[in-house]
Amino acid sequence: MRRYGKHTDEDDVRVRPNRKGNRPRTNIRPKHEDAAEGFVLTIDRGRLTVLVEDRTITAMKARELGRKGVVVGDRVAVVGDLSGDKDTLARIVRVEKRSSVLRRTADDDDPYERVVVANADQLAIVTALADPEPRPRLIDRCLVAAFDAGLEPLLVLTKSDLAPAEEMLKTYEPLGIPFVVTSRDELADGDAADRVRERLTDRITVFVGHSGVGKTTLVNALVPDHQRATGRVNAVTGRGRHTTTSALALPLPDTKGWVIDTPGVRSFGLHHVDPARVINAFPDLEPGTERCPRACSHDEPDCALDQWVADGHAEPARLYSLRRLLATRERREGD
């Protein structure tokens, strides 16, 4: 049935009003060229604490960002109320390009990546020499994640008053990783914090370690004005209790450095890691991979690295260390 006459004029056509307004929909989004630059310090239940110039503000992610995540360490563009006053809320409208991304998965079979932090320069792997016992496999996994993300690793060994550090240092000596050994007494009098601080100047450093190793205690010594809760090791299980529940970026006093304290981890999945990127952290071995078969795992009979080392281009201990790290995906942390 014809709704209008044969000679319908446009004025005869009924137009249904838009209840949401008469402005036509568009995919064009504002550029927010006047947005302020911010640095994400922490995230709590959808609210983000952002440093803008010399003040902290509370912000939320703008709807236009869609599913794009925002993490601690991100540099962002912020609009809205930037006063930092109580009960004010700004909007994060843009996440700037990241220089680095530290990722982890729950385990090696989990395809879902979790971004730990963004834009860090260094990964400080904190482990106790005793109480709780050290977990070398977890250290190896953190090293692989650091190499994959392009971060420089730093090994921090705590509680040297309970056990010697020589055996642990010998294991990682071929990797040439810088390290700091601390004791509980040195943490109390500030000597340990001073030695660690020397490694953190002008860098953004992420602190990672399982619960009970003294990670947050060390962060509190580095940044005395921001005391976070610490816990004790369970005498029965030998495990620490989670006291840090969210990542937090803190400025180092009197320097341009930052430390990012993260919750204690009990696993560090490497499902997301491409072994081809790990070899980039071994410049003495990388040229030897040119004659490797396609998709070589660097731990098989036809791997060209064996001949490369046999010809004297690199130390055998370096190849052993590389293969130990690459094998961490097939081994549990407790093995």
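Predicted model: local features only at pLDDT ≥ 70, side-chain atom pairs only at ≥ 80, totals over all residues.
How many salt bridges does the count come to? The points below start there and then walk you through the rest.

1. The count comes to 18 salt bridges, a salt bridge being a side-chain nitrogen of Lys or Arg within 4 Å of a carboxyl oxygen of Asp or Glu. Side chains of opposite charge can pair when their charged atoms come close.

2. Residues are numbered from 1 along each chain as its sequence is written, and side-chain values use heavy atoms, with hydrogens and water left out.

3. How far can you trust the model? The predictor's confidence in each residue is given as pLDDT, from 0 to 100. The chain averages 85, and 84% of the residues score at least 70.

4. Now the overall picture. The chain holds 8 helices and 13 strands; these are DSSP runs numbered from the N terminus, helices being H or I of at least four residues and strands E of at least two. Of its 335 residues, 45% count as buried, where buried means under 20% relative accessible area, exposed over 50% and partly exposed in between (1.4 Å probe, protein chains only). Taking contact as heavy atoms within 4.5 Å, 63% of the contacts between residues at least 6 apart in sequence join residues at least 24 apart.

5. R55 pairs with E53, their closest N and O atoms being 3.1 Å apart. R55 is partly exposed at 26% relative accessibility, whereas E53 is exposed at 65%. E53, D54 and R55 are linked in a network of salt bridges.

6. The side chains of E113 and R103 also meet in a salt bridge, at 2.9 Å from N to O. E113 is in the loop between β6 and β7 and R103 in strand β6, 10 residues apart. E113 is partly exposed at 34%, and R103 counts as partly exposed at 30%.

7. D299 lies in the loop between α6 (275-278) and α7 (305-310) and R323 in helix α8 (residues 316-326), so the pair ties together parts that are 24 residues apart in sequence. R323 counts as buried, at 16% relative accessibility.

8. Finally, find T105 in the loop between β6 (101-104) and β7 (114-118). T105 counts as buried, at 0% relative accessibility. A polar atom of its side chain lies 3.4 Å from the backbone nitrogen of L270. Leaving aside neighbours within four places in sequence, T105 is in contact with residues including D110, E113, F268, L270 and H272.

Key
Polar contact = N/O pair within 3.5 Å; in protein donor to acceptor, adjacent residues only side chain to side chain.
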